[in-house]
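Hi,

Here is the structure I promised to pass on.

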Amino acid sequence: MTATDTERAAALRRMKMLATGLLVVMAAIFVVAFALQDTYPWLEYVRAAAEGGMVGALADWFAVTALFKHPMGLKIPHTAIIPRKKDQIGESLGQFVEENFLSEDVVRAKLDSARIAQKAGAWLEKPDSADRVAVEGAALIRGMFTVLNDDAVQGVIESMVRKHLLDPPWGPPVGSIAERIFAEGHHHRLVDLLVDRAGDWVDANYAVVTRVVAQRSPTWVPRLVDGVVGDRVHAELSKFIRAVQDDPQHDVRISIDKYLRELAQDLQHKPETIAKAEEIKGQLLDDPRVRDLTARTWSTIKNALLEAVNDPGSELTTKFKAAVRDFGSRLTTDAELAGKVNRWIADGASYAVRTYRSEIAGVISETVGRWDAEETSRKIELQVGKDLQFIRINGTVVGSLAGLAIFAIADAIFG
């Protein structure tokens, strides 16, 4: 028994003693009045009152006792009702809760009047509340990482990578994206960058260009000629690059655009190019690389989160607290957002009640069904037995008054 049950049992015993004590008092008064009524006729009224009180007390004792056990151990029909009918009581109680409390209309009406979003927002915008949410969230994350198996998580990530990244062919989607990029000219900046870098390299590597020309020329050509040819090649190369830089419609740029557009079409429609893209994909992401990628991804995410949640002053924790307070403030000031949240809560609760009301109410009947008959009787008596003892007290008082009134009327009529 819990501490509360112990207190209730003590209160129940006190009420039983009080009700029984009144019965004993009535019996004592009845004996004295009955013995002396011939000497003192007015004691007939006292006797009648005491007699009625005893009858009322005994009748209500029988009624209350019959709910929980057989009175005096006698198996009188329709006694010990709760132990005998506990399963039906559990089912009836569950059905009553289902029909009257787990009603979609009742739940929605209660939630609509509760203004949960506004109350939650007022709580969340307090700094202490945001800190508490952050602490509980950190504990949840640590617990989650403790429970999760690293190999299992890596397996899930690997399967997702294979399903969404490796198994689908790369050619058509890459070609489709590239086609839009090339059609809108977004690649021109990259071409400009490459041309500029080529021009800078040529300007900074005159000696390299002349040396390469000299190395490629026949051995019988004089060095003076090699120098002149190298200088000329460098100058023409610089001139060519400058022309490509200055002319947006240069043949080289047009050729690059044409090549890229054709490549985008081939990636979408040409089997050979698609197969080549798949081959490149396989070379870039073979099985060992995929496993290493998933292991490093999970390890990085896990370590970063653990470091962040273990440090109350980390940027992630600080931003999370600020986001919690901001969300709470918005819930209290933005009526439209609060209304949406309240509707989401009401819709979710209504769906749960509508879908699972029988299962929820079934917990009551199943729990009562698992109880022992005597345990059920004891639990219910602890809950309501104290109040039921007032029935015995009231029965004693009402019986006394009724006995007195009946005797007085009879005496007045018949003398």
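This is a predicted model: local features need pLDDT of at least 70, side-chain atom pairs count only at pLDDT 80 or more; totals for chains, interfaces and linings use all residues.

Residues are numbered from 1 along each chain as its sequence is written, and side-chain values use heavy atoms, with hydrogens and water left out.

Domains. The assignment gives domain 1 as 3–79 + 372–414 and domain 2 as 165–286; such bounds come from an automatic or database domain assignment. Between the C-alpha centres of domain 1 and domain 2 there are 108 Å.

Annotated spans. The unreviewed UniProt entry puts "transmembrane region" on residues 17–36, 48–68 and 393–414. UniProt positions are in the numbering used here, feature names are shortened, and annotations may be inferred rather than shown by experiment. In the model, residues 17–36 are 100% helix and 0% strand, with the end C-alpha atoms 28 Å apart. Residues 48–68 are also 100% helix and 0% strand, and there the end C-alpha atoms are 31 Å apart. Helices (H or I, at least four residues) and strands (E, at least two) are DSSP runs, numbered from the N terminus.

The largest pocket has a volume of about 260 Å³. A pocket here is an open set of points on a 1 Å grid over the protein atoms alone, where a 1.4 Å probe fits, with protein on both sides within 12 Å along at least five of seven lines; lining residues have an atom within 4 Å of a point. Points are joined across faces, edges and corners, and the volume is the space filled by probe spheres set on them. The lining of the largest pocket has 13 residues, with Ala134, Val135, Ala138, Val309 and Thr317 nearest its centre. Helix H6 (127–147) and helix H15 (315–333) each supply at least two lining residues, and H6 gives the most, with 7. By class the lining has 8 nonpolar, 2 polar and 3 charged residues (nonpolar: Ala, Val, Leu, Ile, Met, Phe, Trp, Tyr, Cys and Pro; charged: Asp, Glu, Lys and Arg; polar: the others, Gly among them).

Aromatics. The structure holds 3 aromatic pairs. One of them joins Tyr351 and Tyr356: the ring centres are 6.5 Å apart and the planes stand at 85°, so this pair is edge-to-face. Rings of Phe, Tyr and Trp (its six-membered ring) pair if their centres lie within 6.5 Å, and planes under 30 degrees apart count as stacked, over 60 as edge-to-face and the rest as tilted. Tyr351 is partly exposed at 45% relative accessible area, and Tyr356 is partly exposed at 42% (buried is under 20%, exposed over 50%, partly exposed in between, with a 1.4 Å probe and protein chains only).

Around H4. Ala109 sits in helix H4 (residues 104–114) and is partly exposed, at 45% relative accessibility. Its C-alpha is 8.7 Å from that of Ala346, although 237 residues separate them along the chain. Arg115 is in the loop between H4 and helix H5 (116–124). Most residues other than glycine have a negative phi, but Arg115 has a positive phi of about 55°. Arg115 is partly exposed, with 46% relative accessible area.

Some other residues. Is Val161 buried or exposed? Val161, in helix H7 (residues 150–166), counts as buried at 16% relative accessibility. From Val161 to Ala373 the C-alpha distance is 58 Å, with the two 212 residues apart in sequence. Glu374, in helix H17 (residues 373–414), is exposed at 64%, and its C-alpha is 51 Å from that of Thr39, 335 residues away along the chain. Finally, Tyr206 is in helix H10 (residues 206–216) and is partly exposed at 36%; Tyr206 and Lys85, 121 residues apart along the chain, have their C-alpha atoms 105 Å apart.

Cheers
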